[in-house]
Amino acid sequence: MAIIQAPTGCCDLLLLKKSFNSHSTRIQNGSSPLFQTSINTTTPLSLNNNNNNPRKRLTTSCSLLDDGISGSAVQALEIDPVLAVKKKAMEISPGLKGTSIYLVGITSTMKTSLGKLLADSLRYYFFDSDNLVVEAAGGEAAAKQFLNTDKAGFRASETEVLRQLSSMGRLVVSAGDGAVQSSTNLSFLRHGISIWVDVPLEIVAKEIVENGAQLFGTEISPSASHSEVLSQLTTIYEELQGGYATADATISLQKVAGLLGYDDIEDVSTENMGLEVLTEIEKLIRVKKMMEEAARPF
């Protein structure tokens with residue numbers, strides 16, 4: 001984990017535009033450009049709807065009212081969920097100093113909506129690294145063909161996207177599975193704070209089967225049965241679990257449900273998860289500060 005000082009205000013927008021060449025970037029492998037992509041760098045995204053569920057009142061920590069951390073963000077005070085997340089974001093923002101946040105884990109609705117919520121609350125920009133690679137390749141069909149015909153080149157494009165993202169601050173990045181498949185890519189995540197969003201595979205399989213969701217870069221078919229999809233997801237998870245585990249912190253959907261006392265794990269909202277992420281980041285910031293102070297000479 002690295003805590004970095006990032007430009008603020010208009011400087012952020014200028015940095016984004018410069019890094020991606022005024023709304024476009026030429027991602028290169030060696031000296032030859034592979035393709036171009038456009039990236040929206042207008043304003044941080046707003047989250048209008050989380051998990052397609054009405055906002056619920058939730059229990060959250062009394063630490064929202066002071067500077068202390070009382071262990072978990074899921075204790076005894078009722079408060080508007082979005083306001084609770086925004087308040088916690090405001091509390092940790094000075095210590096975060098513009099450090100980017102990388103979300104890893106199997107792609108899911110929760111992971112994406114959580115990234116957008118965090119970006120909105122922290123006044124950051126949200127990017128999905130897989131989407132950037134797909135756009136750069138010229139669309140999903142072209143990206144699939146690129147992956148099938150030149151896997152090494154495709155992986156190089158994933159690495160280049162992560163390299164460019166890691167050079168900037170004030171980003172929340174939903175990182176694709178390519179981010180944890182090589183030591184080089186993992187090193188780029190160390191430029192920020194990485195969080196493993198651990199969503200049960202049963203829920204991901206349900207999204208794929210019922211909603212026709214697709215995991216880019218896999219052979220999983222939405223038309224397959226739930227058991228077949230779950231089996232394929234389990235294989236992918238076992239291959240990538242070691243990479244996920246290198247994250248600075250893990251936020252488990254199942255654990256958050258237990259802390260909240262929810263019988264149904266799907267009752268956990270994006271705001272519940274957002275509070276847990278921000279609380280973990282606050283802890284990481286404090287630990288880093290303590291280590292820095294301990295290293296100072298007398």
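Which residue is the bridge partner of Val104 in β8, and what surrounds that spot?

Mentor: Happy to! Keep in mind that this is a predicted model. The bridge partner of Val104 is Trp196, in β8. That pairing belongs to a set of four bridges joining strand β5 (residues 101-104) to strand β8 (residues 193-198) in the parallel sense.

Step back to the sheet as a whole. Five strands make up an open sheet, in the order β6-β7-β5-β8-β9, with parallel pairing. At the edges are β6 (125-128) and β9 (249-252), each of which pairs on one side only. From one strand to the next, the twist averages 20°.

Helices pack on this sheet too. Helix α3 (residues 109-122) touches β5, β6, β7 (171-174) and β8, and its direction makes about 170° with that of β5. Helix α10 packs on the sheet as well, touching β8 and β9, with its direction at about 65° to that of β9.

The structure holds four aromatic pairs. In one of them, the rings of Trp196 and Tyr237 have centres 6.3 Å apart and planes at 35°, so the pair counts as tilted. This pair links distant parts of the chain, as Trp196 lies in strand β8 and Tyr237 in helix α9 (residues 226-244), 41 residues apart. Both Trp196 and Tyr237 are buried.

Trp196 also pairs with Tyr244: their ring centres are 5.6 Å apart and their planes again at 35°, so this pair is tilted too. Here as well, distant parts of the chain are linked, with Trp196 in strand β8 and Tyr244 in helix α9, 48 residues apart. Tyr244 is buried, as is Trp196.

The axes of α10 (residues 253-260) and helix α11 (residues 270-295) come within 10 Å and cross at roughly 100°. Angles of 65 to 115 degrees count as roughly perpendicular, and α10 and α11 are therefore roughly perpendicular to each other. On the α10 side, the residues in contact are Leu253, Val256, Leu259 and Leu260, and they meet Asn272, Met273 and Glu276 in α11. By type, the residues of this contact between α10 and α11 divide into five nonpolar, one polar and one charged.

Key. Residues numbered from 1 in each chain as written. Predicted model: local features only at pLDDT ≥ 70, side-chain atom pairs only at ≥ 80, totals over all residues. Heavy atoms only, no water. Axes fitted to C-alpha atoms, helices over the stretch in contact; angles between N-to-C directions. Helix = DSSP H or I, 4+ residues; strand = E, 2+ residues; numbered from the N terminus. Parallel < 35°, antiparallel > 145°, perpendicular 65-115°, else oblique. Contact = heavy atoms within 4.5 Å. Nonpolar A, V, L, I, M, F, W, Y, C, P; charged D, E, K, R; others polar. Pairing = 2+ DSSP bridges. Phe/Tyr/Trp six-rings, centres within 6.5 Å; stacked < 30°, edge-to-face > 60°. Buried < 20%, exposed > 50% of the residue type's maximum accessible area, 1.4 Å probe, protein only.
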